[in-house]
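Subject: Structure handover and findings

Dear colleague,

I am passing on the structure we spoke about, so that you can look at it alongside my notes. Please read the notes with the model open beside them.

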Amino acid sequence: MKRYSIVLAIFAVVFLTLSPKTYSQVFKKKNKRAKTEIPTVMLSTNQDTISYIIGADIAKNFKNNGIEINLNSLIEGLKAGHNGYDTLFTVQQIQNIMMEWQQSEMKKQEKLAKENIEKNKKLGQDFLDANKAKDGVIVTESGLQYKIIKQGDGESPKATDIIKVHYKGTLIDGTQFDSSYDRGEPTQFPLNRVIKGWTEGLQLMKPGAHFIFYIPSELAYGDHKTGNIPEASTLIFEVELLEVIKQ
């Protein structure tokens with residue numbers, strides 16, 4: 001709740017610097033992502049504008065977090081709170097209701113996470129089973145799969161070394177979640193501070209090498225969701241080893 005209040009404060013500071021006319025023009029435009037036109041809203045003051053944006057942001061956050069609400073009831077609650085009316089529930093009732101709701105939501109999220117883990121593990125295993133039969137794909141004892149695009153020269157890194165690499169990471173459906181290429185500069189880090197698939201795989205490379213790694217979830221982030229990487233995801237990394245920096 002505290003973090004959300006800070007977000008709204010930031011919105012207010014930013015949008016107060018713009019004119020009401022600008023807001024009217026923005027919100028009267030057609031929504032390119034939707035099939036319907038955004039209803040025209042008269043935003044004649046900064047207060048009108050900020051109120052509109054806060055409302056839209058609240059609704060968007062509910063939707064993005066999978067929280068179902070009754071819009072009419074929400075509006076009535078806002079009116080009661082804004083006008084200083086007594087709400088339909090006592091403070092104790094509100095606490096009990098919200099605690100029960102939070103517990104219910106937690107159970108839903110746990111159930112969803114479990115379903116996602118089972119689904120993603122199966123998808124990952126099916127992918128790896130098919131992938132290992134492809135030409136050029138090598139499978140290690142741990143289950144790590146890799147394909148050599150280009151061999152390098154010199155000494156392979158040890159787990160205690162620092163490496164400098166260019167890389168791109170994707171899910172098995174092709175969704176990219178990270179890329180040093182897009183950032184325009186290589187990355188360096190200790191090899192023993194990354195996921196197990198990287199620690200094992202990079203020790204198979206030599207400077208100048210270019211590999212593709214197919215990493216099972218148990219050698220990646222396991223059953224945990226990490227950033228925009230879903231639970232139990234099998235990952236694909238294209239990696240170029242640029243330099244080995246000895247510890």
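This is a predicted model: local features need pLDDT of at least 70, side-chain atom pairs count only at pLDDT 80 or more; totals for chains, interfaces and linings use all residues.

Residues are numbered from 1 along each chain as its sequence is written, and side-chain values use heavy atoms, with hydrogens and water left out.

The protein chain has 7 helices and 7 strands, taken as DSSP runs numbered from the N terminus (H or I of at least four residues for helices, E of at least two for strands). Along the sequence they follow the order α-α-α-α-α-β-β-β-β-α-β-α-β-β. Of the 247 residues, 27% count as buried, where buried means under 20% relative accessible area, exposed means over 50%, and partly exposed lies in between (1.4 Å probe, protein chains only). Among contacts (heavy atoms within 4.5 Å) between residues at least 6 apart in sequence, 64% join residues at least 24 apart.

The largest nonpolar core contains 25 residues, and those with the most contacts inside it include Val165, Trp198, Leu202 and Phe213; such a core is a set of buried Ala, Val, Leu, Ile, Met, Phe, Trp, Tyr and Cys residues joined through side-chain atoms within 4.5 Å. At least two residues of this core come from each of β3 (162-171), α7 (196-202), β6 (210-215) and β7 (235-245), and β7 gives the most, with 5 residues. A second, separate core of 6 residues includes Phe127, Leu128, Tyr214 and Ile236. Phe177, in strand β4 (residues 176-179), counts as buried because its relative accessibility is 16%. Beyond its neighbours within four places in sequence, Phe177 is in contact with residues including Asn228, Leu235 and Phe237; the C-alpha atoms of Phe177 and Asn228 are 6.6 Å apart, although 51 residues separate the two in sequence.

Helix α5 has 41 residues and reaches 58 Å from its first C-alpha to its last, close to the 60 Å expected, where the expected span is 1.5 Å times one less than the number of residues. Among the buried residues of α5 are Glu105, Phe127 and Leu128, and what covers the buried residues of this helix includes β1 (137-139), β2 (145-150), β6 and β7.

Phe89, in the loop between α4 (71-83) and α5 (91-131), is partly exposed, with a relative accessible area of 44%.

The structure holds 7 salt bridges, each defined as a side-chain nitrogen of Lys or Arg within 4 Å of a carboxyl oxygen of Asp or Glu. In one of them, Asp223 pairs with Lys121, with the closest N and O atoms 3.4 Å apart; this pair links distant parts of the chain, since Asp223 lies in the loop between β6 and β7 and Lys121 in helix α5, 102 residues apart. Asp223 is partly exposed at 35% relative accessibility, and Lys121 is partly exposed at 41%. Glu76 and Lys79 form a salt bridge at 3.7 Å, N to O, and, being 3 residues apart in helix α4, are separated by about one helical turn. A salt bridge also joins the side chains of Arg183 and Asp178, at 2.7 Å, N to O.

Best regards
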